[in-house]
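Hi,

Here is the structure I promised to pass on. Have a look at it first, and then read my notes below.

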Amino acid sequence: MDNWNESGLVDNKKIALHLFVAYDLKYKSTKVSDYKITDEEILDMVDSAYYLGNSSITNEAQYLVEKKVISLKEAKLIFGEGYAMKRNAVLYFALKNKMDYLIFLDDDEYPIATIKINDSVVWKGQEVISTHIKNIMHADMTHGHHCGYISPIPHFDFNDKLSEGDFRIFIESISNDIINWDSIKEKMNDGGVTYADLDIINSEITETVKEINGMKFISGANLGFNLKNLDKLFPFYNPPGARGEDTFLSTCIGECTIRKIPCYTFHDGFATYEHLLLGVLPNKLKPMKADSNIITKRFLKACIGWIRYKPLLLYITQRDNYEMEIIKMKENLSIVIPSICNFFGIDEFKNILNELEFYDTHVEEHYKDFENTKVAWLKIIKFLKDN
């Protein structure tokens with residue numbers, strides 16, 4: 001909010017700022033008060049604040065079912081459990097409350113960029129909200145850049161237990177078009193950190209995102225939606241227990257104008273730098289080494305999340321080669337996972353193969369759910385238009 005205040009747009013009478021907070025009390029056993037903003041100074045800067053917990057989302061879903069807009073099964077697809085459904089709730093409530101634009105920001109990212117100059121780190125504030133506002137009227141979606149610990153893949157010192165070649169096979173097997181070996185190796189050489197590009201920050205140039213393999217790359221946060229054209233809005237989806245809600249949305253937006261805008265957010269993927277906004281700006285960002293139980297479990301959880309949505313992504317983007325790609329994945333993972341387990345000293349990485357088997361077996365069911373989610377969303381959009 002200080003960042004918003006600095007933008008000079010707070011006093012602009014044409015702009016009203018509304019806050020939508022989607023929360024999950026099961027996450028780390030939190031309570032409602034953990035999400036409520038009580039700072040009067042902040043509340044004075046927003047025109048309203050909506051808190052979207054399970055009860056408010058369930059009540060709205062029930063209302064739509066009672067109005068015969070969607071069925072109970074469709075309500076669960078749009079508003080059920082998972083990352084995608086929380087984002088759908090925010091998108092829906094923003095539309096219902098007649099917002100013109102919506103900007104998604106996650107609670108582990110900050111409006112600040114980290115830049116590497118020689119061996120030092122330089123920090124630069126980013127006007128995230130105002131940059132989206134300046135660009136979103138000319139696009140269907142705006143997407144900013146990320147720096148920091150974007151991916152929960154720790155820094156590795158390869159040895160006789162795990163070679164670089166084996167780890168490359170592992171990453172290529174579980175990865176998607178975004179998490180790939182070239183980008184991972186570059187990050188690992190920098191200790192797992194992605195640094196902001198000063199040229200991008202200073203350029204003030206927006207790029208039009210091109211379609212690659214049937215996808216226009218976006219990520220779920222530092223992401224803006226133009227809500228004025230309802231026909232260019234699509235729902236988020238992820239298979240049960242998986243991630244990838246932004247990836248599956250990216251397969252729907254081929255006809256949309258997506259602009260990459262010159263603003264960064266710092267992603268604190270390991271929850272290590274929670275005091276950045278208090279002015280604690282380190283001179284060096286430490287590599288997240290694979291030498292602690294917490295980092296290992298975080299990496300394992302990410303791998304499980306990725307493998308759970310890889311079959312559906314392949315099914316959507318490479319249907320003709322699907323069986324061949326899955327067989328290759330299973331063969332490669334069977335070879336390298338023993339080395340991964342040996343390196344980390346835990347056997348839980350073997351579960352990746354079981355997860356792959358399950359999500360491969362259910363891929364047609366998940367594809368049907370994905371398509372039904374889009375159909376249900378169209379019904380909701382029609383209802384909002386009519387009302």
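**Loop residues with positive phi**

Let's start with Lys-68, which counts as exposed because its relative accessibility is 72%. Bear in mind as you read that this is a predicted model. You'll find Lys-68 in the loop between helix 3 (54-66) and helix 4. As background, most residues other than glycine have a negative phi.

Asn-118 is another one to look at. Its phi is near 55°, again a positive value in a residue other than glycine. Asn-118 sits in the loop between strand 5 (112-117) and strand 6, and with a relative accessible area of 70% it is exposed.

**Helix 4 against helix 14**

Helix 4 (residues 72-79) packs with helix 14 (residues 363-386) at an angle of about 100°, and their axes are 9 Å apart. That angle makes helix 4 roughly perpendicular to helix 14, since values from 65 to 115 degrees count that way.

Who makes the contact? From helix 4 it's Glu-74, Leu-77, Ile-78 and Phe-79, and from helix 14 it's Asp-369, Asn-372, Thr-373, Ala-376, Trp-377, Lys-379 and Ile-380.

**Rings, and charges over rings**

There are 28 aromatic pairs in the whole structure. Take Trp-123 and Phe-266: their ring centres are 5.4 Å apart and their planes meet at 55°, so this pair is tilted. Trp-123 belongs to strand 6 (residues 120-125) and Phe-266 to strand 10 (residues 258-268), so the pair ties together parts that are 143 residues apart in sequence. Are these two buried or exposed? Trp-123 counts as buried at 15% relative accessibility, because the cut-off for buried is under 20%. Phe-266 is buried too, with a relative accessible area of 0%.

A second tilted pair is made by Phe-299 and Phe-349, with 5.9 Å from centre to centre and 45° between the planes. Phe-299 lies in helix 11 (residues 293-317), while Phe-349 is in the loop between helix 12 (322-344) and helix 13 (351-361), so here the parts tied together are 50 residues apart in sequence. Both Phe-299 and Phe-349 are buried. They also belong to a cluster linked by ring pairs, whose other members are Phe-158, Phe-167, Phe-170, Phe-343 and Phe-344.

Arg-319 lies over the face of Tyr-315, 4.0 Å from the ring centre. The charged end of Lys-374 sits over the ring of Phe-370, at 4.4 Å from its centre.

**Some distances across the model**

- Gly-279 is in the loop between strand 10 and helix 11, and counts as exposed at 51% relative accessibility. From Gly-279 to Leu-72 is 207 residues in sequence and 48 Å in space, C-alpha to C-alpha.
- Thr-361 has its place in helix 13 and counts as exposed at 57% relative accessibility. Thr-361 and Asp-44 are 317 residues apart in sequence, and 52 Å separates them in space, C-alpha to C-alpha.
- Glu-357 also lies in helix 13. Its relative accessible area of 40% makes it partly exposed. Glu-357 and Glu-66 are 291 residues apart along the chain, with 38 Å between their C-alpha atoms.
- Gln-318 is in the loop between helix 11 and helix 12 and is partly exposed, with a relative accessible area of 30%. The C-alpha atoms of Gln-318 and Pro-235 are separated by 21 Å, and the two residues are 83 apart along the chain.

And what does Gln-318 touch, leaving aside its neighbours within four places in sequence? It is in contact with Leu-313 and Glu-325.

Happy to go through any of this with you on screen.

Cheers

Definitions and conventions. Residues are numbered from 1 along each chain as its sequence is written. This is a predicted model: local features need pLDDT of at least 70, side-chain atom pairs count only at pLDDT 80 or more; totals for chains, interfaces and linings use all residues. Side-chain values use heavy atoms; hydrogens and water are left out. Axes are lines fitted to C-alpha atoms, for helices over the stretch in contact, and angles run from 0 to 180 degrees between N-to-C directions. Helices (H or I, at least four residues) and strands (E, at least two) are DSSP runs, numbered from the N terminus. Angles under 35 degrees count as roughly parallel, over 145 as roughly antiparallel, 65 to 115 as roughly perpendicular and the rest as oblique. Contact means heavy atoms within 4.5 Å. Rings of Phe, Tyr and Trp (its six-membered ring) pair if their centres lie within 6.5 Å; planes under 30 degrees apart count as stacked, over 60 as edge-to-face and the rest as tilted. Buried means under 20% relative accessible area, exposed over 50%, partly exposed in between (1.4 Å probe, protein chains only). A charge sits over a ring if NZ of Lys or CZ of Arg is within 6 Å of the ring centre and within 35 degrees of the ring normal.
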